[in-house]
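Please view the sequence and the structure together before reading on.

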Amino acid sequence: MAIPTPTLTGLAPVIARDTRVLILGSFPGAASLAAGRYYAHPRNQFWPLVSRVLEEDLAALPYELRLVRLLAHGFGLWDVLAGCEREGSLDSAIRKPAANDFERLRALCPALETVGFNGQASGKFAPQFAAAGYRTVVLPSSSPAHQTLSFEQKLAHWRALIG
């Protein structure tokens with residue numbers, strides 16, 4: 001008899017009324033869920049990439065201050081999925097996905113213009129955001145599982161968030 005996989009719940013959004021750019025991942029990895037922090041895996045390149053895009057070393061700051069500074073730059077974080085079943089951290093292992101409720105996004109973030117998708121799994125949601133009038137950018141994943149591009153190659157794509 002198979003042991004059922006528990007349903008996992010994602011992290012709360014990091015957004016503000018003046019958020020202009022929202023970066024959506026697919027669903028937090030095991031390290032992030034355990035820490036209760038976005039992009040907590042030490043080899044994930046998210047914080048170094050965003051640091052270079054914003055020209056401020058957020059990666060060197062304590063996590064709570066990273067979020068404060070990220071919001072100060074008009075950037076926010078969330079995931080496309082609110083919950084799912086998954087063993088491990090790979091997007092390919094996600095079962096029974098439940099999308100976040102994005103209907104309230106325009107009211108919560110009236111200044112939102114651009115939605116960036118961290119990887120192909122979250123990028124599947126780009127058409128629905130484009131249809132809602134947002135500029136969308138599907139980015140190469142910052143995950144340590146996706147190393148086909150160098151950091152500098154990824155950064156060239158990530159710079160489109162502000163361009």
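A residue counts as buried under 20% relative accessible area, as exposed over 50%, and as partly exposed in between, with a 1.4 Å probe and protein chains only. Trp-47 is therefore buried, at 3% relative accessibility, and Tyr-63 is buried as well, with a relative accessible area of 8%.

The model is predicted: local features need pLDDT of at least 70 and side-chain atom pairs pLDDT 80 or more, while totals for chains, interfaces and linings use all residues. Residues are numbered from 1 along each chain as its sequence is written, and side-chain values use heavy atoms, leaving out hydrogens and water.

**Helix packing**

Helices are DSSP runs (H or I, at least four residues) numbered from the N terminus. Their axes are lines fitted to C-alpha atoms over the stretch in contact, with angles from 0 to 180 degrees between N-to-C directions. Helix 2 (residues 46–54) and helix 3 (residues 63–72) have axes that come within 12 Å and cross at roughly 35°. On the side of helix 2, this contact (heavy atoms within 4.5 Å) involves Trp-47, Val-50 and Leu-54, and on the side of helix 3 it involves Tyr-63, Arg-66, Leu-67 and Leu-70.

Helix 2 also packs against helix 7 (residues 151–158), at an angle of about 55° and with the axes 10 Å apart. The two helices are therefore oblique to each other, a term for angles that are not under 35 degrees (roughly parallel), over 145 (roughly antiparallel) or 65 to 115 (roughly perpendicular). Here Phe-46, Pro-48, Leu-49, Val-50, Arg-52 and Val-53 of helix 2 meet Phe-151, Glu-152, Lys-154, Leu-155 and Trp-158 of helix 7.

**Aromatic pairs**

The structure contains nine aromatic pairs. Rings of Phe, Tyr and Trp (its six-membered ring) pair if their centres lie within 6.5 Å; planes under 30 degrees apart count as stacked, over 60 as edge-to-face and the rest as tilted. Two of the pairs are listed below.

| Pair | Centre to centre | Angle between planes | Class |
|---|---|---|---|
| Trp-47 and Tyr-63 | 6.3 Å | 85° | edge-to-face |
| Phe-129 and Tyr-134 | 6.2 Å | 50° | tilted |

The pair of Trp-47 in helix 2 and Tyr-63 in helix 3 links distant parts of the chain, 16 residues apart. Phe-129 and Tyr-134 are both buried. One aromatic cluster is formed by Tyr-38, Tyr-39, Phe-46, Trp-47, Tyr-63 and Trp-158.
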